[in-house]
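Trainee: I'd like to learn how to read side-chain contacts in a model. Could you walk me through them with an example?

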Amino acid sequence: YLAHVIRPLPDFLPELDLVLELDGQVIGSIMYTRSTLVDEAGAEKGILTFGPVCIQPGYQRRGLGRRLMEESFRRAAAMGWEAIVIFGDPNNYVGCGFQSCKKHRVHLADGTYPAAMLVKELKPDALAGKRWAYRPSPAFDFDEEAARRFDDALEPREKKRLPCQEAFEIISQAILPE
């Protein structure tokens, strides 16, 4: 659903919409949108957010997601992008160079530092010396009812709730102390 919502938006970056193929079959993908950081003086800095990023279940835990992300980081840096902010399980992203949002003084509009908000600088010290408020793309204003209707129009599949989803829900509610 999220991929369906992102593509028509002006924040979507088709040049960073990448797929991973194996033997002519798409087994993974990553998509990016533009987001914004705003400093204390109100100056804005354009940054990136990715999601969804996925690898087909039979190919997970083989380093393919990392390769896909690293290629996207290389391309984004070559395009002049300086930073990426995502929400994800730190266990999945720290090994790819993501760090705590608090380390880079990147917070939500309410001043909080979510434990699941992670930052990767593509250009060293791109965020140094300032405090930043993260403003995501409207693509991430998720409409649960619209997602349900979208899913209902697809071929029925077994719905599962994996332990990693529960763990992410817990960490996404955690706020780092000041």
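Mentor: Happy to. This is a predicted model, so let's start with how open a single side chain is. D17 has a relative accessibility of 23%, so it counts as partly exposed, because that class lies between the 20% limit for buried and the 50% limit for exposed.

Trainee: Which residue does D17 form a salt bridge with?

Mentor: Its partner is R7, and the closest N and O atoms are 3.4 Å apart. R7 is partly exposed too, with a relative accessible area of 44%. Both residues sit in the loop between α1 (2–6) and β1 (18–22), so this pair ties together parts that are 10 residues apart in sequence.

Trainee: How many salt bridges does the structure hold?

Mentor: There are 15. Another one joins the side chains of E40 and R105, at 3.9 Å from N to O. That still counts because the cut-off is 4 Å. E40 is in the loop between β2 (25–39) and β3, while R105 is in the loop between β5 and β6 (106–107), so the contact ties together parts 65 residues apart in sequence. E40 is exposed at 54%, and R105 is partly exposed at 37%.

Trainee: Where do E145 and R148 lie?

Mentor: Both are in helix α4 (residues 144–152), three residues apart, which is about one turn of the helix.

Trainee: Now the rings, please. What describes a pair of aromatic rings?

Mentor: Two values: the distance of the centres and the angle of the planes. A search of the whole structure finds nine aromatic pairs. In one of them, F50 and F98 have ring centres 5.9 Å apart and planes at 80°, so the pair is edge-to-face. F50 belongs to strand β3 (residues 44–55) and F98 to the loop between α3 (90–93) and β5 (99–100), so the pair ties together parts 48 residues apart in sequence.

Trainee: Are F50 and F98 buried or exposed?

Mentor: Both are buried. They also share one aromatic cluster with Y32, F73 and Y93. Compare F87 and Y134: the centres are 6.1 Å apart and the planes are at 50°, so this pair is tilted. F87 lies in strand β4 (residues 83–87) and Y134 in strand β9 (residues 132–135), so the pair ties together parts 47 residues apart in sequence. Here F87 is partly exposed at 39%, whereas Y134 is buried at 5%.

Methods:
Residues numbered from 1 in each chain as written. Predicted model: local features only at pLDDT ≥ 70, side-chain atom pairs only at ≥ 80, totals over all residues. Heavy atoms only, no water. Phe/Tyr/Trp six-rings, centres within 6.5 Å; stacked < 30°, edge-to-face > 60°. Helix = DSSP H or I, 4+ residues; strand = E, 2+ residues; numbered from the N terminus. Buried < 20%, exposed > 50% of the residue type's maximum accessible area, 1.4 Å probe, protein only.
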